[in-house]
2 protein chains.
Amino acid sequence: MGDRTVIAQPLTGDAFAPFGEVIGRDGIKPRPMNGDRASRYHALATAEIVGEGAGVAVSLVDSQPVSLPLALDLVERHPLGSQAFVPLAPERFLVVVCPDVDGRPGPPLAFITAPGQGVNYRAGTWHGVLAPLRVPQSFVVVDREGPGINLEEVFFDQPWRVEISPGAV
Amino acid sequence: MGDRTVIAQPLTGDAFAPFGEVIGRDGIKPRPMNGDRASRYHALATAEIVGEGAGVAVSLVDSQPVSLPLALDLVERHPLGSQAFVPLAPERFLVVVCPDVDGRPGPPLAFITAPGQGVNYRAGTWHGVLAPLRVPQSFVVVDREGPGINLEEVFFDQPWRVEISPGAV
């Protein structure tokens, strides 16, 4: 069992860089806007869209929390577009990604967001499904809308077990 | 003065349709997602992007509230792209738009969002700046990133006065 256990780590831009962008204010210098009445943390993520006739849509998603430890039996990816999730309340959620190994998901990495952080999965990044912790959460989703097959799913023969250190949430 | 006073109305998709989309769950049937653990209100808005070498960026903006009644002395528009604002907390904000009259802003219309509603201004829609009511608010912004001049501002010789009916907020 030990070698299929993953301990979730705090989400940082550096650790997440191979998979996409962290959407948060940390370490970003905002631009003044509206005559200094507002601050803009600009282009924290950029939509990546592949294919003719495709666009970028803004959606809302409401998700139930996962049970911990998480039995990770499925990951998916969207080969034709990035997918950004920004939480509508400053609650933490669990982010699971896998490096791609010859077109298949390699061993997962797990991250816990800081309150308010979101993520943008680059096109083709293997990731777990939305995983709020403890409470239901809503998200703004920015992803591709258009023709083509934009979903690949992989079910693991044996689930991975994703754990959160006591006191991390 | 009377004819430069605008009373803000509740924001509805129908009333806002000439200017863009309302981003909210009202009247939308969600799609199940992640095996019924989540509900997706899909493509409530679509990014509109003009010009070569341009993309769609996800940003965060923190804004101070406006004083009421609002003295509206400025509207702006982005000819090369739409601009979506989704509030990160279910607080109402004020949305001011103007029809285009021969390339100039016509008389403003003002709307008050329901808690949680966001808006997407279509490319070229004249609008006021971000206007949280009573408390500072943060927004996810989805708009164009790319070369070209994507801002036109018009200052009114005489400001419009935007009022909110007592009890509306």
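Q: What makes chain B and chain A of this predicted model partners in polar contact?
A: Across their interface, 26 residue pairs are in polar contact. Such a contact needs a pair of N or O atoms within 3.5 Å.

Q: Why is the pair A:Arg25 and B:Asp62 called a salt bridge?
A: The closest N and O atoms of A:Arg25 and B:Asp62 are 2.7 Å apart. The cut-off is 4 Å between a side-chain nitrogen of Lys or Arg and a carboxyl oxygen of Asp or Glu, so this pair qualifies. Between chain B and chain A the count is 4 salt bridges.

Q: How much area do chain B and chain A bury between them?
A: They bury about 3400 Å², with 53% of it on carbon and sulfur atoms. In chain B, the residues that lose the most area to chain A are B:Arg37, B:Val58 and B:Leu60, together 22% of what that side buries.

Q: What makes A:Glu76 and B:Met33 lining residues of the largest pocket?
A: A lining residue has an atom within 4 Å of a pocket point. A:Glu76 and B:Met33 are among the 38 residues that line this pocket, and both are listed with those nearest its centre. The pocket's volume is about 730 Å³, and β7(A) gives the most to its lining, with 6 residues.

Key. Residues are numbered from 1 along each chain as its sequence is written. Chains are lettered from A and ligands numbered from 1 in the order in which they are written. This is a predicted model: local features need pLDDT of at least 70, side-chain atom pairs count only at pLDDT 80 or more; totals for chains, interfaces and linings use all residues. Side-chain values use heavy atoms; hydrogens and water are left out. On a 1 Å grid over the protein atoms alone, a cavity is a set of points where a 1.4 Å probe fits but cannot get out, and a pocket is an open set with protein on both sides within 12 Å along at least five of seven lines; lining residues have an atom within 4 Å of a point. Grid points are joined across faces, edges and corners, and a volume is the space filled by probe spheres set on the points. Helices (H or I, at least four residues) and strands (E, at least two) are DSSP runs, numbered from the N terminus. Buried area is the accessible area (1.4 Å probe) that two parts lose on being put together, summed over both. A polar contact is a pair of N or O atoms within 3.5 Å; within protein, one must be able to donate a hydrogen and the other to accept it, and residues adjacent in sequence count only if both atoms are side-chain atoms.
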